Amino acid sequence: MRKIIASLFTLICLAQFSLAQDTHVRPASLGVSFFFNDYQTAQRIRSTSLSKVLREKQWADFKDMAPGLAISYFKGMNKNIDFAGTAAFSFPSFNIPGRGTSSSNSSLLMEADASVNLKMFPDNFWFSPYLIAGVGASRYRSTYGAFVPLGGGVKVNFFEEASLFITHQYRIPVTSETNDYHFMTSIGIAGIIGKKAEPELKPLPPAPPKDSDGDGIFDSTDQCPNVPGVVKYNGCPVPDTDKDGLNDDEDKCPTVAGTAKYGGCPVPDTDADGINDEEDKCPTVAGVARYQGCPVPDTDGDGINDEEDKCPTLAGIAANNGCPEVKEEVVARINYAAKNIFFITGSAKLSSKSNAALNQVAKILTDDANLKLSIEGHTDNVGKPDYNMTLSDNRANSVKQYLLNKGIDESRLTAQGFGLTQPVATNKTAAGRAKNRRVQMKLGYE
């Protein structure tokens, strides 16, 4: 016990004699924390191994740990080392190894320790992890003991007035009659006590001579102190009416801003499109800036520029947004084919009666590789809406799959089911329901 007291005294003396006059050294602080003492996990590690405890998740539950409260005192020794003294109180239940006692009743455990915190960053950082090492003494059921706290923690500063700290320690007993091996995990807050050290202010260097306009000529000799100028004109600007950097005596266009290459005149714009000839890739044809002075291209030459043409590589008409118009006879053939697509009742499986019509659709798409086809599936109102929606979607995709099998590229086909949501006739009659059970196909170039 005397060795423990001597060690505590040594740590306190080192803390007092190692303090540095630095604003980044932690000022004296008082903290309160809540903690858990975990004896079970420590015993399992000692009786087996750390890897086994981690692998089999044998760490203790919170209900098996002993909660407690602690009061701590902190004081910086230098930028990266703090002294910490803590008094902790909890009510655990454990065997005292030196006495062999066993009891399920908890008793007051008092622990006091003095340690050093080895910080990664000085106190002017808002976040700093640190290592903990020290010595401590405990009292449990009239038994005194000593232990060594080892571990680590993190400190989060708030407005240079308070801090949050979280620590995890392994407390190792060093006497035969002592506190048992255990982990201690705590979270707390600490606030500065006493006066906070003020930073040492260095005297400011003498102010340089004033130059309000920053032209390198001090105000005392500058005839235009608020306007940048040159020495030749006693600090005033060289006369330049058009502000193009050429003085009026040398400027061929003194009232119009230009460049030195053209004697102070603007760069010419032959096609008057607002883009000067040096930046215009089409200097004799009016264009736009995004095409570097050239006109918006019309790749297919249909008189509709590519930015407005939905089919920029196919010649079309303005009424169809630049796309070709599908011939009426082709539309009629597609509509006829759509009316001759049949499915097995209540199924998405195509009837063999549909083959001729679908082969005709595949031929139309093969003959014109630019055509695209939209396939829509529809049902009547017999059955649940969700079932009909799924059925119609599956039927539309069955038609799509047939055409894919015929070599039509998938990028040219879309398929979607609409269920009973778009009837074309009444669902109150058998004839109307028959019309609503349909596949529709729409051709286009978009």
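**Group meeting: rings, a barrel and one threonine**

Let me start with a charge on a ring: the charged end of R26 sits over the ring of F74, 4.2 Å from its centre. By "over" I mean that NZ of Lys or CZ of Arg is within 6 Å of the ring centre and within 35 degrees of the ring normal. K353 also lies over a ring face, that of F342, at 4.7 Å from the ring centre.

A quick word on what you are looking at. This is a predicted model, in which local features need pLDDT of at least 70 and side-chain atom pairs count only at pLDDT 80 or more, while totals for chains, interfaces and linings use all residues. Residues are numbered from 1 along each chain as its sequence is written, and side-chain values use heavy atoms, with hydrogens and water left out.

Now to rings that meet rings. Rings of Phe, Tyr and Trp (its six-membered ring) pair if their centres lie within 6.5 Å; planes under 30 degrees apart are stacked, over 60 edge-to-face, and the rest tilted. That rule gives seven aromatic pairs. One of them is F36 with F62: the centres are 5.3 Å apart and the planes are at 55°, so this pair is tilted. It links distant parts of the chain, since F36 is in strand β1 (residues 29-38) and F62 is in the loop between α3 (50-55) and β2 (66-78), 26 residues apart. Helices (H or I, at least four residues) and strands (E, at least two) are DSSP runs, numbered from the N terminus.

Is F62 buried or exposed? F62 is exposed, at a relative accessible area of 60%; the cut-offs are under 20% for buried, over 50% for exposed and partly exposed in between, with a 1.4 Å probe and protein chains only. F121 and F125 make a stacked pair, 4.9 Å centre to centre with 20° between the planes. Both are partly exposed, F121 at 27% and F125 at 38%. Ring pairs also link F34, F36 and F62 into a cluster.

On to the barrel. Eight strands close it in the order β1-β2-β3-β4-β5-β6-β7-β8, with antiparallel pairing; two strands pair if DSSP finds at least two bridges between them. Between β5 (residues 127-140) and β6 (residues 143-158) there are 12 bridges, and I132 stands opposite G151 in β6.

Last, T379, in the loop between β9 (372-378) and α6 (385-405). This residue is buried, with a relative accessible area of 5%. Beyond its neighbours within four places in sequence, T379 is in contact (heavy atoms within 4.5 Å) with residues including N388, L391, G419 and R437.
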